[in-house]
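Hi everyone, thanks for coming. Have a look at it first.

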Amino acid sequence: MNKSSVQAVQGLPHLVTDLPGPNAAALIARDQAVLSPSYTRSYPLVAERGEGALIYDVDGNRFLDCNAGIAVVATGHCHPRVVEAIKAQAEKLIHMSGTDFYYENMVLLAEKLAALSPGGAPRRVYFGNSGTEAIEAAIKLARYYTGRDKFIAFLGGFHGRTMGSLSLTGSKSVQRARFGPLVPGVTHIPYANCYRCAYGKQPETCNVECVRVIEEQLFKTILPAREVAGIVVEPVQGEGGYVNPPQKFFDELAEVARRHEILMIFDEVQSGMGRTGKMWAAEHYSMSPDIFAAAKGIASGLPLSATIARADIMQWKPGAHASTFGGNPVAVAASFATIELLEQELLDNAARIGTHLRARMADWPKRFPAVGRISGIGLMIGIEIVRDQETRERAQDWRNQIERMCFERGVLVLGAGENTIRLSPPLVMTEDQADFLADTLEACLAQLPRHQR
Ligand code: PLP
């Protein structure tokens, strides 16, 4: 066996026990007694260590991680350069509170993110620790700057679970149930989910009704335009099922925003940091949002988020908003290493492996009756599972079965939306690993009852 094929075999799953193995089962029992039951676990994976796109569990089983800790470990698990950056920074300065003092790497990262922002306008950066905090900051900043208090958000959108961001979230009712009243003033409208157009249109007859509703109905009835601070939108809907709208959706939305002096706020928490093969998904649409939020992939697993706004918008007074831990030096160091890797090789790799996977999947709707739409951009790929391609009836149970079958073959995939399998692997994924993932999904799809009919 030559070296590269040795590496390839080493980079693939290898199971040595039934699942869950004995150590995993014991830990899960303890977890169930003491952890919040609000966490959603799809299958019994107990991770012990990770390397690149691989995860080893507590029984020595090796899995191919096709979700990167929910689109977080952009550079793969424990990339040596990220680990080295974390160690070096931890020996120098772990925390100082950037809200009260200065330190250099926080300034350098803000400069870097500002320079990388789409559109070229001068930017300022606010650092937090999580996606939801980045969105909270965006909500507060938009209110502060515009003096308006209303927002437009989208059905299927996910923006976080704290009270402000939850008010924008329109993904699953379980996320909102029993938590009201939420922050008032948010109106949700249908997203440009063309495969399931809320207005019953086909792409040929589409007149971007999902945007027109804003001026033609909302502004004339329940929502005075001059009270709207921002339109909050994911450039690719994540939790909603990896839905990527057509260009004209964003063109029209930006026009509506411009006409009424409403801020365009992009939630790039999941789609940003190279996930789509470009640094920001907004770049695929040539959009330059007024404010955008980044988190997940930004520091390869350390808690960090950024709310990045046009410099003339982020002009709030000292004390208006802050966070003790946001932008802590160790997370910032991990972020630098992450961005360097993205720029050097991983943006290209994400685009290349994304294209490769999509080519592998191109004929799936023909070969597998349960495959509806293949969606997403780059390494953000959704596979919609349907009972019937004609009616597009959602087959959540089959989607869940596929998740489980993949797990039993050593491949970690997760669902998004009601009936979509989402793939958001580490951006270091190799072609051999991508092929293994595609082979595994094909084997699972072939097992579905509809296929065997
Ligand atoms: N926005 C988007 C698009 C997300 O996908 C998520 C998390 O999945 C969030 C916001 C919230 O991020 P966090 O879980 O870090 O608060």
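Let's start with the second largest pocket, which has 26 residues in its lining; Gly98, Met106, Arg124, Val125 and Tyr126 lie nearest its centre. Two elements, α5 (104-116) and β4 (123-128), each give two or more residues to that lining. Helices here are DSSP runs of H or I with at least four residues, strands are runs of E with at least two, and both are numbered from the N terminus.

Before going on, a word on the source: this is a predicted model, where local features need pLDDT of at least 70, side-chain atom pairs count only at pLDDT 80 or more, and totals for chains, interfaces and linings use all residues. Residues are numbered from 1 along each chain as its sequence is written, and side-chain values use heavy atoms, with hydrogens and water left out.

Back to our pocket: its volume is about 830 Å³. A pocket is an open set of points on a 1 Å grid over the protein atoms alone, with protein on both sides within 12 Å along at least five of seven lines; a cavity is a set where a 1.4 Å probe fits but cannot get out, and lining residues have an atom within 4 Å of a point. The volume is the space filled by probe spheres set on those points, which are joined across faces, edges and corners.

Now the ligand. Which residues are closest to it? They are Gly131, Thr132, Asp267, Gln270 and Lys296, out of 13 that surround it, where near means a heavy atom within 4 Å. For polar contacts, pairs of N or O atoms within 3.5 Å, take Asp267: an N or O atom of its side chain is 2.7 Å from a ligand nitrogen. Gly131 uses a backbone N or O atom, 2.8 Å from a ligand oxygen. Phe158 also has a backbone N or O atom by the ligand, 3.3 Å from a nitrogen.

The largest has a volume of about 150 Å³, and of its 17 lining residues, Ala192, Cys194, Cys197, Cys206 and Cys210 are closest to the centre. The second largest cavity is about 30 Å³, and its lining includes Ile139, Phe151 and Val183. Which helix gives the most to that lining? That would be α7, with three residues.

Methods. A polar contact is a pair of N or O atoms within 3.5 Å; within protein, one must be able to donate a hydrogen and the other to accept it, and residues adjacent in sequence count only if both atoms are side-chain atoms.
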